[in-house]
Amino acid sequence: MFTKLNLKSCAIILLGSAFLAFGLYHVHSFSGVTEGGVLGMSLLLEHWLSLSPAVSGFLLNGICYAIGLKLLGKTFLGYSMLAAAGFSISYKLFEQSGPLWPKLADMPFAASITGAIFVGIGAGVCVRYGAASGGDDALAMSISHLTKWNIEWIYLMSDLLVLGLSLSYIPIQRIGYSILTVLLSGQIIGFLQRI
């Protein structure tokens, strides 16, 4: 499986994963703007069922990667393992420092736009090179492959579903900023996939 991986693609995927981790750590984790997808669903399950995101995230991501393996093949899985590892290692490294923009937490609109740029470009680069850094990327890529729909619309539908359910415990104003983030990041991912 790993012999089919292109070295240049691997390097670009690692850079995309690091860019994504940088944005999630320095923007989203401090701003309180939530995500859709697997991360948002994990937080929802934690709130309503007291199920740790460590467990639910692992299970949900595992299911999404299994679907990706079935529909997209072993090369997809190899690149995705690299993207997921690159994301985790990068995130851990970024955690060693404090926030670069602590005032961004007081500016949710700016945090939404900034976060969308980091998520869109980071995840978009990975998707462009056939990798999923998270389960929601794997699921979106699989559904896009199966239906031939543009990936940005699949991201939007799944994110809006999760964010809609999150209204059960997150104030509507905070969800509004999250919707802005997922709208922009999904469009960026779709654009990068098509070029």
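User: How are helix 1 and helix 5 oriented to each other?
Analyst: In this predicted model, the axes of helix 1 (residues 7–31) and helix 5 (residues 108–128) come within 7 Å and cross at roughly 160 degrees. Axes are lines fitted to C-alpha atoms, for helices over the stretch in contact, and angles run from 0 to 180 degrees between N-to-C directions. Angles under 35 degrees count as roughly parallel, over 145 as roughly antiparallel, 65 to 115 as roughly perpendicular and the rest as oblique. Helix 1 and helix 5 are therefore roughly antiparallel.

User: How do the residues of the contact of helix 1 with helix 5 divide by class?
Analyst: Residues of helix 1 including Phe19, Leu20 and Phe22 meet residues of helix 5, among them Ile117, Phe118 and Ile121, where contact means heavy atoms within 4.5 Å. Ala, Val, Leu, Ile, Met, Phe, Trp, Tyr, Cys and Pro count as nonpolar, Asp, Glu, Lys and Arg as charged, and the others, Gly among them, as polar. The division is 16 nonpolar, eight polar and no charged.

User: Which conventions apply to the residue numbers and the values?
Analyst: Residues are numbered from 1 along each chain as its sequence is written, and side-chain values use heavy atoms, without hydrogens and water. Because the model is predicted, local features need pLDDT of at least 70 and side-chain atom pairs count only at pLDDT 80 or more, while totals for chains, interfaces and linings use all residues.

User: What is the distance between the end C-alpha atoms of helix 2?
Analyst: Helices are DSSP runs (H or I, at least four residues), numbered from the N terminus. The expected span is 1.5 Å times one less than the number of residues. For the 13 residues of helix 2 (residues 37–49) this gives 18 Å, and the end C-alpha atoms agree, being apart by 18 Å.

User: How is helix 2 oriented to helix 7?
Analyst: The two helices pack with their axes 9 Å apart, at an angle of about 20 degrees. That angle makes helix 2 and helix 7 roughly parallel.

User: Which residues of helix 2 meet helix 7?
Analyst: On the side of helix 7, the contact involves Asp159, Val162, Leu165 and Ser166. By class, this contact has four nonpolar, three polar and one charged residues. From helix 2, the residues are Gly37, Gly40, Met41 and Leu44.

User: How are helix 6 and helix 7 oriented to each other?
Analyst: Helix 6 and helix 7 have axes 9 Å apart and pack at an angle of about 125 degrees. Residues of helix 6 including Ala140 and Met141 meet Ile151, Ile154 and Tyr155 in helix 7. The two helices are therefore oblique.

User: What is the relative accessible area of Lys148?
Analyst: Lys148 lies in the loop between helix 6 (135–147) and helix 7 (151–166), with a positive phi near 70 degrees. Lys148 is exposed, and its relative accessible area is 63%.

User: Which residues are in contact with Gly68, leaving aside its neighbours within four places in sequence?
Analyst: Gly68 is found in helix 3. At 0% relative accessibility, Gly68 counts as buried. Its contacts beyond those neighbours are Gly73, Phe76 and Ser142.

Conventions:
Buried < 20%, exposed > 50% of the residue type's maximum accessible area, 1.4 Å probe, protein only.
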